[in-house]
Amino acid sequence: MDVLLIGGSGNLINAMIDKCKKSGHRVYLLTGGSKEHFSYKRVFEKYNFAYENEIIKDIFKSISPDITIFMGAYDANFDWSKAREEIVRYTTGLMNILSAYSLMKKGRFVYFSSQEVYGEPHNKAILETETLSPQGFKAMALAQGEEICSNYRKAQGLDIMVLRLDHVYGVPDRKWREDNLCFRMCVEAIRTGHISANGRHVFSMLYLNDAVELAYKAIVAERPKEWCYHISSMDETDELQLAQLIRRKIGKEVVIIDNSVGENYKIVLDGRRYQEEYGQKIFINYEMGVERLVKYLERHSSSLEMMEDSDEKGYKKFTYFIRGILRKMFPFAENVLGFIPFFMLNNKAVGSQYFDRLDFYLLYVLLFAIVHGQQQAIFSAMLAVAGYFFGQMYERTGFDILLDYNTYVWIAQLFIVGMVVGYMKDKLKDIQKEDEEEIRYLKRKMDDISDINDSNIQMKQNFEQQVVNQRDSLGKIYELTSGLEHYAPEEVLFYAAKILSQLMDSRSVAVYVVANEEYARLFSATSPEARELGYSIKYSEMEEMLCELKEHRVYVNRTMQEGLPLMASAVYEQEQMWFILMLWDIPWQRMTLAEANRFMIVCALIRDAALRAEQYLRAVRSQRYVEGTDILNEDSFETLVKAFLDAKAQGLTECELLTIPIREVSHRNMADQLKSILRQTDYLGIQGEKELQILLPNTNKEGAEIVRKRLQTIGISVMEEGGFDAS
């Protein structure tokens, strides 16, 4: 196949050239016409034209490539330190390339993007379907590039693929051409002896060779199922762990500076879509990759520009000291050397018919005042005075020169002109520096304003979405929560979790019923993730969450602390905490005050429905329980069991039933015997004339077996389903 690679020289494009050549493809290269003379791997044909050039169409027509790969995020032609200017050139160039490709109506176009298009932190791995949230001009350019590719694909039915690579790192082909976190941390460790790391920055990395191998499999696939893939190792780490690994591989004392401040920042791409379709094997893990990079940098440590620090001793410090002195002395040496030709010209001009009235010393002082400023103007004036006295000594004595009034007038003229011109030069230089500093300050302010504008646009889009889908309207909330009244009193809390999941657009919702001042028991949950705290929690130890709940406020886990929900709210009855509602998968951008207020409103409406159900059950207690006991009569217990089994079928809870033969024992005596074994949330009920059943909410078979063994220890036999006596 004919493969056209588009991009400036870099580690990734050189690795792609090697891979394509080894696979038997003919490789063409469009360099982008960069002014810098990079070295490229040997290719079949190379074209040095800018992406905006009209000749791109002729190049596509001439090559007619089967595969076109645009390096995108890894294109060395773009200097993203000047992102405002480059974003226009990047977008224009990509549009021209896609236009030429679309006219050809042949082959596949591959666009390399990166994790940078997701600028906002996420609490879990990012899927391909997640909305892009670029921050910064480079990320915006990459996201716009993806959008352009998507538009061409949809509008013209073209075979276009987007590959997002997750934190690619590797050993550079040439010195200092890498720009990634791992490379920067290794260079910092070798150069300065310390590493600054933020333990709250979580990410995953992919070694360059693995990235090329995985990308190639998708590029040459005959019929890919999707048009966008994440290529990621999915092996999470953070800056502190990476810094510790680098320290081990360097093998010398490296100080790790823990800069873990602020909120968690997690950007990890989810590569399961790629993995399921193509399979994935990572050959170079973090240990091997960091070791290779460290060894390379140590071999080339002499080429690093070593900065002055406390570890530098001996001749290095002396070298830097001498260089500093030479830089300061250079203008003086230049001044002395410049004085020599002016001294000779002044002596030659004495008695000349044409140059006798020309003052070369004054020109000399003016020259250095204009070039170097007031300091060098004074120094050059002093040299000029010395030269004047030396020249006059040929004809007059020194005493005569000192008594001559014209000598002092000339000296005053020389110093006044030199100092005034030098002062003006220094003033202009200061003004220029102030202007440059102001420009830098305004650029920083412009960047801040741009970030604020991006945030405002996102908020505006969120509000627009809320208005469009109307899921936030009070009418919609009341309509759904009022549906709880149609359920039986025993079912209200089960379906409260389901309705809360719909209203808060959260797949993982849990409802915990408070047992006492320390523990709460899981009543219902909508997903396995919502059950990750377990069936019973000691909420009194969750101090950060409990502090908010006691103040009747919504708890928002903005620090992404593990072991705590992303949002939680408590429902109270007469200042007594009744149950706790938890949300586990709210996106970061929705963890706002507006969402918290909406959560509070929904909880209040659910509380009203649950309270009405509880009041009803209390009112009919005498009709539901066997007199003088906590045992439900047969009809009430059957209704309760049916509610639990229906909820279990919908995945809202787990429950188990145990059957106990009563024989000659009275209900009251049996209830007293079971009181020490059962939990407050377990239910007792009559089943027939000779059997008593125990309903164990949120308990699996293993938990039921534990209860059965406890009952056997106090002499109570338990029958399995079907009436079989298991004892």
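Figure 1. Tyrosine 28 has a relative accessibility of 8% and counts as buried; buried means under 20% relative accessible area, exposed over 50%, and partly exposed in between (1.4 Å probe, protein chains only). The model is predicted: local features need pLDDT of at least 70, side-chain atom pairs count only at pLDDT 80 or more, and totals for chains, interfaces and linings use all residues. Residues are numbered from 1 along each chain as its sequence is written, and side-chain values use heavy atoms, with hydrogens and water left out. A search of the whole structure gives 20 aromatic pairs, where rings of Phe, Tyr and Trp (its six-membered ring) pair if their centres lie within 6.5 Å, and planes under 30 degrees apart count as stacked, over 60 as edge-to-face and the rest as tilted. One of these pairs joins tyrosine 28 and phenylalanine 44 edge-to-face, at 5.4 Å centre to centre and 75° between the planes. Tyrosine 28 is in strand S2 (residues 26-30) and phenylalanine 44 is in the loop between S2 and strand S3 (45-47), so the pair ties together parts 16 residues apart in sequence. Helices (H or I, at least four residues) and strands (E, at least two) are DSSP runs, numbered from the N terminus. Phenylalanine 44 is partly exposed, at 48% relative accessible area. The charged end of arginine 26 sits over the ring of phenylalanine 44, 4.4 Å from its centre; a charge sits over a ring if NZ of Lys or CZ of Arg is within 6 Å of the ring centre and within 35 degrees of the ring normal.

**Figure 2. The rings of tyrosine 169 and tyrosine 207 form an edge-to-face pair.** Their centres are 5.3 Å apart and their planes lie at 80°. Tyrosine 169 belongs to strand S7 (residues 168-169) and tyrosine 207 to strand S10 (residues 206-207), and the pair links these distant parts of the chain, 38 residues apart. Both tyrosine 169 and tyrosine 207 are buried.

**Figure 3. Six aromatic residues form one cluster: Tyr51, Phe70, Phe78, Trp80, Tyr90 and Tyr111.**

**Figure 4. Helix H5 (residues 181-192) and its surroundings.** The helix has twelve residues and reaches 16 Å from its first C-alpha to its last, close to the 16 Å expected at 1.5 Å a residue; the expected span is 1.5 Å times one less than the number of residues. H5 is mostly covered, with ten of its twelve residues buried; among them are Leu181, Phe183, Met185, Val187, Glu188 and Ile190. The buried residues of H5 pack against S7, strand S8 (194-197), strand S9 (201-204), helix H7 (239-250) and helix H9 (286-299), contact meaning heavy atoms within 4.5 Å. At the start of H5, a side-chain oxygen of asparagine 180 comes to within 3.3 Å of the backbone nitrogen of cysteine 182. After H5 comes glycine 193, which has a positive phi near 85°.

Figure 5. The side chains of lysine 19 and glutamate 213 meet in a salt bridge of 3.0 Å, N to O; a salt bridge is a side-chain nitrogen of Lys or Arg within 4 Å of a carboxyl oxygen of Asp or Glu. Glutamate 213 lies in helix H6 (residues 208-219) and lysine 19 in helix H1 (residues 11-22), so parts 194 residues apart in sequence are tied together. Glutamate 213 is partly exposed, at 34% relative accessible area. Lysine 19 also lies over the face of tyrosine 216, 5.1 Å from the ring centre.

**Figure 6. Two further salt bridges, aspartate 66 with lysine 106 and glutamate 86 with arginine 89.** The count for the structure comes to 20 salt bridges. Aspartate 66 and lysine 106 meet at 3.7 Å, N to O. Aspartate 66 is partly exposed at 25% relative accessible area, and lysine 106 is partly exposed at 34%. Glutamate 86 and arginine 89 meet at 2.9 Å, N to O, and both lie in helix H3, three residues apart, about one turn of the helix. Glutamate 86 is buried at 9%, whereas arginine 89 is partly exposed at 29%.

Note on methods
Polar contact = N/O pair within 3.5 Å; in protein donor to acceptor, adjacent residues only side chain to side chain.
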